[in-house]
Amino acid sequence: MELLRLAIPSPLRRLFDYFPPRDIDVNTLRPGIRVRVPFGNRELIGILFEVVHETELPSSRIKAALEILDQQPLLPPHLFKLASWAAQYYQHPIGDALHQAIPVLLRKGAPCEHAHEHLWRACAEAHPDSLGKTARRQRELLQLLLEHPNGISSDAIRAEGGNTQLLKTLQEKQLAEQFVNPRQLQPLSGVQLLREPSLPLNAEQKNALDRISPDSGFNPILLEGITGSGKTEVYLQAIEKVLASGAQALVLVPEIGLTPQTVQRFKARFAVPVVALNSNMTDRQRLDAWLKARDGEACIVIGTRSAIFTPFKQPGIIIVDEEHDASFKQQDGYRYSARDLAVIRAQREKIPVILGSATPSLETLNNAIHERYQWLRLTQRAGNAKAPGFELLDIRHEPLQDGLAPGLIRRIGETLASGTQVLVFLNRRGFAPSLHCHDCGWIADCQRCDAKMTLHRSPPHLHCHHCDSQTAIPYRCPDCGSDQLKPVGVGTERSEDSLNRLFPGYPVIRVDRDSTQRKDAMKHIMEQVHHGGPCILVGTQMLAKGHHFPKVTLVVILNADGGLFSADFRGMERTAQLILQVAGRAGRAEHPGHVVMQTHHADHPTLQHLIHQGYYAFALQELSTRRQAALPPFRHLALLRAEATQQGRAEAFLGAVRHQLEEDILLHDDAHWLGPFPSPMEKRAGMHRAQLLIQSEQRTSLHQLLTTLCTYLEQQKEARKVRWSIDVDPIDVF
Ligand code: ADP
Ligand code: ZN
Ligand code: ZN
């Protein structure tokens, strides 16, 4: 008996057995090919895991697969193994995990080939006269084919008024034929790699580059360099070495960092093909880019999180830029970390991996400190640029005007008058974070979440940023009928308003998710800013990443206190990273920059430490706190989340799970349960949520426990009444 054991995208954490389709020689089938199968009353696409000879199922319950879709596996064997390993590590159903590792079009069953891989042309002897006068459309089509001796795609033929039926007719008459478009694969050796010369490196950059070698085998590197220190230049030159050795490069960037400017910078430097992979591309474009990487046609791939699963013909290096960025961890469904998988992948493929950041995550920093990673540092700004100076502005007792202290307003005015630009950062979009009644204290809450509605002015409405609910702004208080409804707090729209009033002669440019929705909006903003006249940029963290604002000399952080007292143990780390990233926008070129942070806690030791001693000193202190509190990176965490429409049900369910497992299985000495607790925002989008935390010293004991836990949950009837999920190495915990 021969059976196909398939990974099928279903919520079940198991593989499924099928008989092979009739007339198929099973010995020719290789793991990693796609198979179309009946599943319930649907048809799904599974991926062959292995061919097996026995199964636990009675053969009467086994169905036959319908169709084999590929001759060759979609992913090279090592990548297939990595994707399978990741499914297990993140406790995600294997079928869905493998599906997420391949482009959308392939998940849907499209052929694994380039657009226009098959072209049409006229046969050698074909002549329109061989067709009768009545066959006008056939003659026209043949004429079209004759005009394209190198072939023409069926899409282009359709655009010219032809169709498949006509083509088939010509083919039967042996006047037209289909052929495979030969790909232009250039051999890399000997070709010109660079379009523009690379910059002469400073001593630190040179030292870093010398330690990155394409033939070093697995070599994990933390490249810690302050913003503007020339990390990107080091990436570019490391990639140049890799290309020269005939291999390809993968560059992972945060979601917000993959701007046309980023891609442009790589394209400007290299004369070889560079492709981007991101969510703005169509499924077709993504598949084409993916195939180019797989076939070795694309030399450099720049992509966001999911690009970690891109196959390469000749993998040479992986670079993770801004490795601390939270967007590398997928936050729902399949919760993998592309940053962590990059290191695993590099290890398996025996290539160097560079994790770059001005503010490395404590996990990565700890690995560098313990010499698991090579640690390369860039401490100087490249070129002549100077690092910005910091200042804490104590705003206790200060009369604030829409969030701005008088001293700060003066400073902004002086900066504009001197002809340079100002960047105002605040972490709230909309007009005001809430709306309340001055007479009775009523607050506009979201009906579906434990959260306030944000007031937006353009267009006017109330918006919940957690579940996306939107409602009209009430004229009167729903509780007491008063018309004294007042916005509370400051969002970007309000800041924009008040800066416009305070500095009427200068443009105020708002940058947040609302103002950049239209296509090319960001491009226009950047053009305006780079034009260089004095102006004020006001915005959210969209301003904090990736962009260079060479004329900005004053950076204002309106409220530095946000994360200081956050319940999440990473709150402090996040705040420090954000502050330094925002600050890094200032004084990039010839203008020295200055950063002013408004705070109610000017003497907060951590803030003081950060601005006087820098990120590294801050991070060391934070690491020692983490060690004492038995938190990552000194412990491993996993979170079991549950949600239900009925209040209390999720928590009760998790309580029962813990109780049951404590009785039934022997917990390793080093593993502990914490909770269940209600989630930080207990109600969200109508669901009541709770979580149970598992903490352990050893990875192996954590994973043994998680595997038991998953098996247990899948068998529980109760588990079907709640939605549960497992998050391994969670980044938002409390
Ligand atoms: P980072 O990625 O660390 O923020 P970049 O690589 O973007 O830094 O460099 C910041 C600026 O300094 C860029 O304009 C870049 O062209 C310039 N730069 C980088 N390295 C050098 C160098 N060795 N000499 C002169 N300018 C440099
Ligand atoms: Zn009221
Ligand atoms: Zn809501």
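## The zinc site

At 39% relative accessibility, Cys440 counts as partly exposed, whereas Cys437, at 1%, is buried. Here buried means under 20% relative accessible area, exposed means over 50%, and partly exposed is in between, using a 1.4 Å probe and protein chains only. Keep in mind that this is a predicted model: local features need pLDDT of at least 70, side-chain atom pairs count only at pLDDT 80 or more, and totals for chains, interfaces and linings use all residues. Side-chain values use heavy atoms, with hydrogens and water left out.

Both cysteines hold on to the zinc ion (ligand 2): its protein donors are the SG atoms of Cys437, Cys440, Cys477 and Cys480, at 2.2 to 2.4 Å. Donors are N, O and S atoms within 2.8 Å of the metal (3.2 Å for Na, K and Ca), and water is not among the atoms, so sites may look incomplete. Along the sequence, the donor residues follow the spacing C-x2-C-x36-C-x2-C. The arrangement is tetrahedral because the four donor atoms subtend angles of 105 to 113 degrees around the zinc ion; for four donors, that label requires all angles to lie between 85 and 135 degrees.

## Aromatic pairs

There are eight aromatic pairs in the structure. Rings of Phe, Tyr and Trp (its six-membered ring) pair if their centres lie within 6.5 Å; planes under 30 degrees apart are stacked, over 60 edge-to-face, and the rest tilted. One of the pairs, Tyr334 with Tyr336, is tilted, with 4.9 Å between centres and 55 degrees between planes. Both of these tyrosines are buried.

Trp375 and Tyr616 make an edge-to-face pair, 5.5 Å centre to centre with 65 degrees between the planes. Trp375 lies in strand β15 (residues 374–378) and Tyr616 in helix α18 (residues 615–628), so the pair ties together parts 241 residues apart in sequence. Strands (E, at least two residues) and helices (H or I, at least four) are DSSP runs, numbered from the N terminus. Trp375 is partly exposed at 24%, and Tyr616 is partly exposed at 26%.

## Charges over rings

Tyr616 also has the charged end of Arg377 over its ring, 4.8 Å from the centre. Elsewhere, Arg121 lies over the face of Phe179, at 3.9 Å from the ring centre. To count, NZ of Lys or CZ of Arg must be within 6 Å of the ring centre and within 35 degrees of the ring normal.

Terms used: Residues are numbered from 1 along each chain as its sequence is written. Chains are lettered from A and ligands numbered from 1 in the order in which they are written. Four donors count as tetrahedral if all angles lie between 85 and 135 degrees; four count as square planar and six as octahedral if opposite donors are over 155 degrees apart and all others between 65 and 115; anything else is irregular.
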